[in-house]
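Let's walk through a protein structure together, one question at a time. Have a look at the model first, and then we'll dig in.

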Amino acid sequence: MTDYQKNQLLLDDILTKKACLFLGAGAVASSKLKNGKNSPVGNQLAKEIFNHFYPDTEYNYESLAQVSEFVQSMFGEHILFEFLQKYFTDIKPSLGLMNITKFNWANIYTTNIDRALETAYDKSNDKSQKLNVIVNPKDIQTENRTINVNYFKLHGCIDNPSTKIVFSLQDYAKYKDEHLKLFNQLSIDLIEKPMIFIGYSMLDSNFQSIWNELKEYCNSTFSTQRRYFIGPKISPILMQYLTSNGFICYDSTLDEFMTLLITLSKGQRTTLRDFFQDNFPINDLFKQIAISPESAYNIKQNFFFPKEEIARNLNKSNSFYKGNTPSWTDLKYGLDAQRDLLQDILTTFDSWYENPKHSFWIITGKAGDGKTTLLKRIAIEIAERIGDTIFYAKTKQFKNYTDLIDLYNEIDMPIVLCIDDVTDITGKINTLLTEIKSAKAKILIIGAARSSDWYLGNADFFTKPLEFTLQNLTDNEIYRILDKLELHNGLFKLQNVTKEERFKRFKEKANSQLLVAMKEATNAMSFNEIISNEYANIKDTKSREFYKNICLLSQFRLNIPQSLFMRVFELKIEDIRLMYDSLQDIIYFETDAETDVQIRARHSVIAEVISQYFFNDDLEKIEYITNIFKQFIPSNSLEANLILKIYHNDIMAKLFTESETTKKCYDNIIEILHDSSYPIQQKSLYLINTTNEFEEALELINKAIAINANNVLYHTKGMIYMKRALNEKDIEKSKFYLFEGKKILLIGARKYSANLYNYHTLINNLITWNTQNENKDQSVIIEIQDLINEAISKNPNDTLLNTEYGKFYNNLLNDVELSKKYFTKALEINKRNMGARYLLASIYLDNGEIEDALKICEEGLQFKKDEISLIRLKFNLLHKLPTKYTVDNILSEYDLYTNLFPKDSYIKLCYASYLYILGDKKTNAIFSELRYSDYTSSIDKYKVIYTINEIINNKDFVEEGYIISQTYTGFYIRTTRFDSKTFAFLNKTQIPLNISLKVGNKIKYSLYFNYSGAVVKFIDIL
């Protein structure tokens, strides 16, 4: 290979921004220490250390590793560290290091511990990137690799005393678990990217040994990517070794090599300053103001500009009607149908814009209801009104606040931010809300979130938002959807029927999620059947398996980075290409030049179906999840964020069907993340929330506290004791657990008074404990009142504390009026406080104020359609208003709800029981479904549910029937009222001793119900 060919290959690898650097000691050989000497290479550093610590002993060419081990064992690690820190302080980088900053690198690695390169980047005025230093495995890699470069310091750094400094790769054997994660990214780069080694030679270290150990630790294989070796006076032996390993060699120092690169690349390099200028947003807003190019670029990276997106010349796609997330192009061509809520929001916006101030709005709805589509449509409509001052957040990257505030100060105009899935980035939203409020900026945030996520997480937001809720489809919305489907050839099996029939069929499905309704109506099949057929029709077997595993995470709206996915399944890029071709329009590859590609299913509702039907068992899931944790790189922010979400106890409980499997998966995760306290904490929470294994939970949380004592973990420990007290039958033991939990939570509450979670948990559990004990403990009652007063004085507008006050007066002091006052105040603070809403409605029910109670319930169900406590109370209330709600009205409500929430077996049992009382044969089908349902255990199916009679207002119902068969335990009875296939069961233990029954007897009885049918309470034989 000629020098020209060699240089062209090198230049191409560097200018395409693919190349990585690996720097050895020789890379800083011409950099100057503060004493004026050159930085040491080879064993020179070993000699300097030896002479400093053993001035009276002659240095005998011991290696750096040997010398450092001598010093550490005799004087201690910290003494050696202090010497090295002082020795390398104020190092002056060489010309070669300064020139490194002028190129755009994929990643930089080093075995050096000095700060010469960091200083070079700090001083450089024409650098191409900023330096992001990675020393600890938990340090986070940059999310924007265009303007930042990761600098992995594999041997530690004199700036980071928390990470041990090591001097050879063999040392990593001692610190394998802690440090090997640093090599994961290097392993990827050795295979995927050109690598340039600078600063290694026979004079300072055995490169052959280093290279072999790199291959061993990184498990790298030989690839087609080029490797370069730069060093002065390369010996023939080393040259032969390098060439045999595929290296292209340059016999030169770093300074000489970088000077060559500068010459070869003249006119082809771009500085960071030039990059910001070239990527300045093109819309008119930024041209009119004095904002730095870097700030403008950061805003562009964080947000879409809706007006600019719509102006792009892109072709129309049909993927929107297949369930894919809507693109700006889909909305540009009007594929979405207008929702009634749109006009309400725009009208509210017009009023806000006349008198703008910092505000927060939220749009909620179920998964698949069209929240993202509506939010993007709102952004487009507002852009038509106000122009370029509305931005739509790229949620996963959204992180910059100061640039946004600077922009507002420059333009002095109201700004609107649209942010989807706000509950995924609660911390970022709170920081932004704080910054906006502090700056008194007229900025409106319009967010969107799933109803279930918002209900669980709304209390975590610093500002109470104005809420808009997507309701079930109205008739007008259905007509508009059908018109859009017809216009864009999306009717499918509805194409050849009349408009009236189309509406009828769609209307039948319209109570489901919008996505489900569209699929079922246009395909004339159930949603699960449609998705299952689509899965079965994927021809490539491997791709089908990959899709299944992607769906396991996507059902929780979790994306998996492509590089992590490749490592988990040991894939090559060719496998990814095949998967992309096989799964086009089925999975999404979200590409971003600044970060990794992320893979997801097109919708969480679809992913849930695939996960439910096509995993063989929990063990298959465990293997996949465990491999994710084994392969993830802690410093990679996308991967680190993913694993934090996976091991959360809510997700783990939903991932697996059996608790033993869940615990096994937690054990695997804890073993892998052995130095992290939070997987241990999450397992303890899982145990107390699902299995009541309090002793093990307590052991786990103590282990977590030993690793990292903090308020969050102590709060969990207090909660474990409190929950154990509530479950303990022995009153003395219960008091002991209560005292222990109270002691822990009270310390936390008073130490961290700004965080009210300790107060909430403490007060709630004390009230519950005292309520469930027949003999009220007056000292506890007084203590509760003092605690509430203490907490509420610090935050009088906390909705949960006001709820606790209401419970205190209602449950412990029987003061109905005061409890109503506090429940009402709690709802004024937060309308989504379902606990306060349920308790207030229950008080009205007890007082006979049925319609007021129903109004409170229905208001709550507008915010959260699947709030179980309110749903059950609502049906109880409907049955108590016969003059307002006819039988048909009530049956319609049952039908609507059970279609929306088919897994709610309790309400389905109420429905079946009510139909039985009415003598309606539909009861047979529902009871049959309940008998064989997977959502209820075999034991629970035969337990009498006494509350059913209360809900359906059936306390005094009596009927007659004939005994049709006898079993060992009792008799089956057929009612005389209608031809029922649901038989009532009379247990022998319920029959008076003086009564003898046999098949054919006619008896009189009252009824209770369980999931298998009616249960008889014997009255008389006829």
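Q: Is asparagine 692 buried, partly exposed or exposed?
A: We go by relative accessible area: buried means under 20%, exposed means over 50%, and partly exposed is in between (1.4 Å probe, protein chains only). Asparagine 692 has a relative accessible area of 39%. That value makes asparagine 692 partly exposed.

Q: What should I know about where these values come from?
A: Residues are numbered from 1 along each chain as its sequence is written, and side-chain values use heavy atoms, with hydrogens and water left out. This is a predicted model, where local features need pLDDT of at least 70, side-chain atom pairs count only at pLDDT 80 or more, and totals for chains, interfaces and linings use all residues.

Q: Which loop holds asparagine 692, and what is its phi?
A: Helices here are DSSP runs of H or I with at least four residues, strands are runs of E with at least two, and both are numbered from the N terminus. Asparagine 692 sits in the loop between α34 (678-691) and α35 (694-707). Although asparagine 692 is not a glycine, its phi is positive, at about 55°.

Q: Where is tyrosine 61, and is it buried or exposed?
A: Look in the loop between α2 (44-53) and α3 (64-75) for tyrosine 61. Its phi is positive too, near 60°, in a residue other than glycine. With a relative accessible area of 66%, tyrosine 61 is exposed.

Q: How many helices and strands does the protein have?
A: Buried residues make up 55% of the 1022 residues. The C-alpha trace spans about 115 × 70 × 60 Å along its principal axes. As for the count, the protein has 48 helices and 21 strands.

Q: What is the radius of gyration of the protein?
A: The radius is taken over C-alpha atoms, and the globule rule is 2.2 Å times the number of residues to the power 0.38. For 1022 residues, a compact globule would come out near 31 Å. The protein's own value agrees with that: 34 Å.

Q: Which residues have the most contacts inside the largest nonpolar core?
A: A nonpolar core is a set of buried Ala, Val, Leu, Ile, Met, Phe, Trp, Tyr and Cys residues joined through side-chain atoms within 4.5 Å. The largest one has 97 residues. Apart from it lies another core of 65 residues, including Leu854 and Phe971. In the largest core, the residues with the most contacts are Tyr547, Met579, Ile625 and Ile628.

Q: Which residues does methionine 579 touch?
A: Contact means heavy atoms within 4.5 Å. Leave out residues up to four places away in sequence, and methionine 579 touches Ser543, Phe546, Ile550, Phe565, Ile587, Phe589 and Ile599.

Q: Why does one side of β14 and of β15 have no neighbour in the sheet?
A: Two strands pair if DSSP finds at least two bridges between them. Three strands form an open, antiparallel sheet in the order β14-β16-β15. So β14 (560-561) and β15 (587-590) are left without a neighbour on one side because each stands at an edge, with a single partner strand.

Q: Which residue stands opposite isoleucine 560?
A: Strand β14 is joined by two bridges to β16 (residues 598-601), and the two run antiparallel. In β16, the residue facing isoleucine 560 is isoleucine 599.

Q: What angle does helix α26 make with β16?
A: Axes are lines fitted to C-alpha atoms, for helices over the stretch in contact, and angles run from 0 to 180 degrees between N-to-C directions. Helix α26 (residues 541-554) packs on the sheet and touches β14, β15 and β16. Its direction makes an angle with that of β16 of about 85°.

Q: How far apart are the end C-alpha atoms of α43?
A: The expected span of a helix is 1.5 Å times one less than its number of residues. For the 14 residues of α43 (residues 850-863), that should be 20 Å. The end C-alpha atoms agree with this, being apart by 21 Å.

Q: Which residues does valine 999 contact, leaving aside its neighbours within four places in sequence?
A: Valine 999 lies in the loop between β19 (984-987) and β20 (1002-1010). At 46% relative accessibility, valine 999 counts as partly exposed. Its contacts are Ile963, Ile964, Ser965 and Gln966.
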